[in-house]
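User: I would like to learn how to read metal sites and helix packing in a model. Can you take me through them one feature at a time?

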Amino acid sequence: MTKIFNADLHCHSVVSDGTLTPELLAQRAAVNGVELWALTDHDEIGGQHRAAAAAKANGMRYLTGTEISVTFAGETVHIVGLGFDPDDAQLCQGLHDTRHGRGPRAMEMSDQLAKVGIHGAYEGALKYVGNPELISRTHFARFLVETGICKDTAEVFRKYLTDGKPGFVPHRWAALGDAVRWITQAGGAAVVAHPGRYKFTANEEYALFTEFKAHGGVGVEVVTGSHSPAEFVEYASLAKELGLVASRGSDFHSPDESHTDLGKLPFLSDELTPVWETLANRIQ
Ligand code: AMP
Ligand code: MN
Ligand code: MN
Ligand code: MN
């Protein structure tokens with residue numbers, strides 16, 4: 001196989017909190033020059049067979065993908081899984097259990113928002129949900145933009161949906177070791193998503209990567225839509241220091257909301273080992 005540069009291994013469809021179908025995402029990725037693609041819906045792999053077929057129809061190679069919500073040191077951390085067997089029973093059960101609880105959490109979010117005068121948020125968010133098992137904060141954010149309470153989803157998160165704000169409901173997600181094991185034992189590679197986004201001290205971040213590696217995690221997202229150019233450099237150094245492979249992904253959700261399009265980020269620098277080189281036998 002010729003060397004792949006334009007891999008985009010992180011994005012979301014209507015199967016989680018994106019606004020495009022797997023087919024439309026695949027088309028958009030291909031038009032943007034993506035050579036190797038992965039759809040990584042939150043806690044869900046229901047779109048994998050469609051995404052793989054759409055990748056093929058659009059002349060791209062494909063890796064299976066998901067982004068698992070994990071609670072570590074009281075914070076939510078996301079672990080991207082790539083190249084796993086989508087029919088693996090343990091992985092499917094683990095994701096199913098992780099999705100469980102989103103419904104009650106959403107109703108509680110709605111109750112909290114009602115206390116600050118925002119009514120009908122649960123029903124409002126549901127209108128944006130493509131997968132009933134996957135109601136997320138993003139769907140609430142779309143409803144609050146629709147009603148004119150906020151001008152965009154970033155403002156909704158800032159004012160209502162982050163820790164300490166009126167609509168934020170703490171939630172316990174999967175354990176780090178479990179998420180890494182589900183992915184790894186299904187033949188895939190586990191990657192820490194957008195590490196620059198977590199509010200960890202240097203010690204906590206070190207603990208995250210130490211535990212992640214101890215459980216069998218192998219990679220870190222270096223180039224992602226959530227990182228600044230300075231963070232591309234920072235996490236490239238971290239990958240080399242810790243002996244982790246590197247990943248690249250836009251984290252694209254929607255043409256209207258995402259500032260980073262599929263396939264448009266800088267390439268990984270030469271001195272890093274791309275995660276897809278270690279998954280050569282898993283590429284479809
Ligand atoms: P949930 O899994 O329900 O907690 O929702 C998490 C999702 O909310 C993330 O995957 C993002 O798509 C979105 N999100 C989180 N923080 C922000 C933010 N500050 N601005 C816009 N979207 C955000
Ligand atoms: Mn999301
Ligand atoms: Mn994420
Ligand atoms: Mn994501």
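User: What distance separates the manganese ion (ligand 3) from the manganese ion (ligand 2)?

Analyst: This is a predicted model. In it, 5.7 Å separate the manganese ion (ligand 3) from the manganese ion (ligand 2).

User: Are E67 and H78 buried or exposed?

Analyst: Both E67 and H78 are buried.

User: Why do E67 and D251 count as buried?

Analyst: The test is relative accessible area, and buried means under 20%. E67 has a value of 0%, so E67 is buried. D251 has 9% relative accessibility and therefore counts as buried.

User: How far apart are the manganese ion (ligand 4) and the manganese ion (ligand 2)?

Analyst: They are 4.6 Å apart.

User: And which protein donors hold the manganese ion (ligand 2)?

Analyst: The protein donors of the manganese ion (ligand 2) are D17 (OD), H42 (NE2) and H253 (NE2). The distances are 2.1 to 2.2 Å. Written as a pattern, the donors run D-x24-H-x210-H. D17 belongs to the loop between strand 1 (7-8) and helix 1 (22-31), and H42 to the loop between strand 2 (36-37) and helix 2 (48-57). These two residues are 25 apart in the chain, and the pair links distant parts of it.

User: Are D17 and H42 buried or exposed?

Analyst: D17 has 3% relative accessibility, so D17 counts as buried. H42 is buried because its relative accessible area is 8%.

User: Now the backbone. What should I notice about phi of D43?

Analyst: Phi of D43 is near 50 degrees, a positive value in a residue other than glycine. D43 lies in the loop between strand 2 and helix 2. With a relative accessible area of 0%, D43 is buried.

User: What about phi of A73, and where is A73 found?

Analyst: A73 also has phi near 50 degrees, a positive value in a residue other than glycine. A73 is in the loop between strand 4 and strand 5. Exposed means over 50%. At 53% relative accessibility, A73 therefore counts as exposed.

User: On to the helices. How are two packed helices described?

Analyst: Two packed helices are described by the angle between their axes and the distance between those axes. Start with helix 6 (residues 137-146) and helix 7 (residues 153-161): their axes come within 9 Å and cross at roughly 105 degrees. That makes helix 6 roughly perpendicular to helix 7.

User: Which residues meet where helix 6 contacts helix 7?

Analyst: From helix 6 come R137, T138, F140, A141, R142, L144 and V145. From helix 7 come T153, V156, F157, Y160 and L161. Sorted by class, this contact has eight nonpolar, two polar and two charged residues.

User: At what angle do the axes of helix 9 and helix 10 cross?

Analyst: Helix 9 (residues 202-214) and helix 10 (residues 229-242) have axes that come within 12 Å and cross at roughly 45 degrees. Helix 9 is therefore oblique to helix 10. Their crossing is right-handed.

User: Which residues make that contact between helix 9 and helix 10?

Analyst: E205, F209 and K213 in helix 9 meet Y235, L238 and L242 in helix 10. By class, the contact has four nonpolar, no polar and two charged residues.

Methods: Residues are numbered from 1 along each chain as its sequence is written. Chains are lettered from A and ligands numbered from 1 in the order in which they are written. This is a predicted model: local features need pLDDT of at least 70, side-chain atom pairs count only at pLDDT 80 or more; totals for chains, interfaces and linings use all residues. Side-chain values use heavy atoms; hydrogens and water are left out. Axes are lines fitted to C-alpha atoms, for helices over the stretch in contact, and angles run from 0 to 180 degrees between N-to-C directions. Helices (H or I, at least four residues) and strands (E, at least two) are DSSP runs, numbered from the N terminus. Angles under 35 degrees count as roughly parallel, over 145 as roughly antiparallel, 65 to 115 as roughly perpendicular and the rest as oblique. A crossing is left-handed if the near helix is turned anticlockwise from the far one by less than a right angle, and right-handed if clockwise. Contact means heavy atoms within 4.5 Å. Ala, Val, Leu, Ile, Met, Phe, Trp, Tyr, Cys and Pro count as nonpolar, Asp, Glu, Lys and Arg as charged, and the others, Gly among them, as polar. Donors are N, O and S atoms within 2.8 Å of the metal (3.2 Å for Na, K and Ca); water is not among the atoms, so sites may look incomplete. Buried means under 20% relative accessible area, exposed over 50%, partly exposed in between (1.4 Å probe, protein chains only).
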